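Subject: The structure I promised you

Hi,

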Amino acid sequence: MSVRETLEKRRSVRQYDPHYKISPETLATLIEGASKSPNGNNIQATRYLVIDEPYLKNLLLPIAFNQQQVIEASVLIVILGDYQAFEKENIIMIHEDEFQKGYFDASVRDYLTNAAINYYLNKSKEDLKVELIRDASLASMSLVLLANEAGIETITMSGYDSEQLKSALNISDRYLDVMLIAMGKGMKEGHKTVRHDVSKVIYKNKI
């Protein structure tokens, strides 16, 4: 399917076959594809915490307001942003690796490295949070589209208690939880939804 066809057919699925399992190889391929998504300065801050152990799913069920897809889907992925990605050492390492692979010369490496370090240098924690949410959201959409293209149903979830989730999974403050994505074999197609007419969401030159 084309990207447009995938978007047209995509539904948020809430009922899954609890016996269906996504193979680790398939999941790794999907996440590898999602990692190609645009991200600020190529710092690659998005992380994917894959939850497939039944006892952990049951632990998270009440934290996610008893949404059954938490335990019925093959996997539940916690999409995280890593604050350590903003550190100078990470930025230097990534651009040096790109240089060593011959993607650009030393002058471009130095320019990109210094520009990224200076860009994040004086940003507040709230500013960095916005950066993480933006990058993780782009990666999440890519993951959903790749999964749907592969015949795997998904639903993105913001309905959970963030503090309880981080406590239950021992997620440190190094990470920002952005959303959950349940993935698996749907038992019932998600219902259709209404979208605004495009004329209501486009503004030209002023708003």
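Which residues have the most contacts inside the largest nonpolar core? They are Y48, I77, I79, L143 and M183, and the core as a whole has 31 residues. A nonpolar core here is a set of buried Ala, Val, Leu, Ile, Met, Phe, Trp, Tyr and Cys residues joined through side-chain atoms within 4.5 Å. Buried means under 20% relative accessible area, exposed means over 50%, and partly exposed is in between (1.4 Å probe, protein chains only).

Before you go on, a word on how to read all this. This is a predicted model, where local features need pLDDT of at least 70 and side-chain atom pairs count only at pLDDT 80 or more, while totals for chains, interfaces and linings use all residues. Residues are numbered from 1 along each chain as its sequence is written, and side-chain values use heavy atoms, with hydrogens and water left out.

**The overall picture**

The protein chain has eight helices and six strands. Both are DSSP runs numbered from the N terminus: helices are H or I with at least four residues, strands are E with at least two. Starting at the N terminus, the order is α-β-α-β-α-α-β-α-α-α-β-α-β-β. The C-alpha trace spans about 55 × 45 × 35 Å along its principal axes. Out of 207 residues, 38% count as buried. Take the contacts (heavy atoms within 4.5 Å) between residues at least 6 apart in sequence: 80% of them join residues at least 24 apart.

**Back to the core**

The largest core has 31 residues. Two or more of its residues come from each of α2 (24-34), β3 (75-82), α6 (106-121), α7 (125-149) and β5 (175-184). The biggest giver is α7, with seven residues.

Now look at α2. Its buried residues are L27, L30, I31 and A34. Seen down the axis of α2, they fall within an arc of 95° (taken from the directions from the helix axis to the C-beta atoms), so they line one face of the helix. Here is the rule to remember: an α-helix has 3.6 residues a turn, so residues three or four places apart point the same way. The face of α2 turned away from the buried side carries the exposed residues E25 and T29. Among what covers the buried residues of α2 are β2 (46-51), β3, α7 and β5.

**Two residues that meet**

M157 sits in strand β4 (residues 153-157), and Q69 in helix α4 (residues 69-72). They are 88 residues apart in sequence and 10.0 Å apart in space, C-alpha to C-alpha. M157 counts as buried because its relative accessibility is 3%, and Q69 counts as buried at 3% too. Beyond residues up to four places away in sequence, Q69 touches R14, Y16, I155, M157 and A182. With that same exclusion, the contacts of M157 include A64, Q67, Q69 and V70.

**A loop to look at**

Both N42 and Q44 lie in the loop between α2 and β2. Phi of N42 is near 55°, a positive value in a residue other than glycine, and phi of Q44 is also near 55°. Most residues other than glycine have a negative phi. N42 is partly exposed, with a relative accessible area of 23%, and Q44 is partly exposed at 40%.

**The largest pocket**

A pocket, on a 1 Å grid over the protein atoms alone, is an open set of points where a 1.4 Å probe fits, with protein on both sides within 12 Å along at least five of seven lines; lining residues have an atom within 4 Å of a point. The largest pocket is lined by L7, E8, R10, R11, S12, R14, H191, K192, T193 and R195.
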